[in-house]
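Here is a walk through one protein chain, from a single residue pair out to the whole fold. Keep the structure in view while reading.

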Amino acid sequence: NSNQPEVPEGEAGEFSFDVFPHPSTNEVNVRLSGTVALSRIYLYDITGKLIHSEIIANEDLSMSTTKTIDVSTLHPGLYYVRLVDIKQDITKRLIKN
């Protein structure tokens with residue numbers, strides 16, 4: 001049936017973790033796709049010091065969810081955004097202008 005979704009119900013599609021805009025000035029968006037699990041986001045400075053952490057809950061069980069983090073008070077420089085959930089541990093770079 002052509003009306004069937006490509007991803008079977010209850011299963012996640014291909015996982016992606018995006019951080020944008022890059023570079024960032026006041027806000028950074030963290031978008032997760034292909035997961036319905038609870039995820040924790042960590043923001044570290046270049047020395048590895050934890051600056052911010054929060055849980056992203058995909059409450060409506062959609063295949064994509066986006067969380068906005070205020071980075072306006074951070075000094076310009078390089079930061080790391082780390083995503084941890086039950087299946088993966090991924091780190092991406094963030095440049096703050």
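The model is predicted, so local features need pLDDT of at least 70, side-chain atom pairs count only at pLDDT 80 or more, and totals for chains, interfaces and linings use all residues. Residues are numbered from 1 along each chain as its sequence is written, and side-chain values use heavy atoms, with hydrogens and water left out.

Now widen the view from that pair. Strand β3 covers residues 39-45, and strand β6 covers residues 77-84. Six bridges join them, and they run antiparallel. Strands here are DSSP runs (E, at least two residues), numbered from the N terminus; helices would be H or I runs of at least four. Two strands count as paired if DSSP finds at least two bridges between them. Strands of a sheet pair through backbone hydrogen bonds, either parallel or antiparallel.

β3 and β6 belong to an open sheet of four strands, ordered β4-β3-β6-β7, with antiparallel pairing. At its edges stand β4 (50-56) and β7 (89-96). Each has a single partner strand, so one side of each is left without a neighbour in the sheet. Neighbouring strands of this sheet are turned by 20° against each other on average, direction ignored. The axes behind such angles are lines fitted to C-alpha atoms, for helices over the stretch in contact, and angles run from 0 to 180 degrees between N-to-C directions.

Next, the other sheet. Three strands form an open sheet in the order β1-β2-β5, again with antiparallel pairing. Its edge strands are β1 (16-20) and β5 (64-70), each pairing on one side only. The twist averages 15° from one strand to the next. Seven bridges join β2 (residues 27-33) to β5. In this sheet, glutamate 27 stands opposite aspartate 70 in β5.

Step back to the chain. It has zero helices and seven strands. Of its 97 residues, 32% are buried (under 20% relative accessible area, with exposed over 50% and partly exposed in between; 1.4 Å probe, protein chains only). Contact means heavy atoms within 4.5 Å. Among contacts between residues at least 6 apart in sequence, 53% join residues at least 24 apart.

Finally, confidence. pLDDT is the predictor's confidence in each residue, from 0 to 100. The chain averages 84, and 82% of the residues score at least 70. Over residues 1-12 pLDDT stays under 50, and the model has six contacts beyond four places in sequence for them. Where pLDDT is low, the predicted coordinates should not be read in detail.
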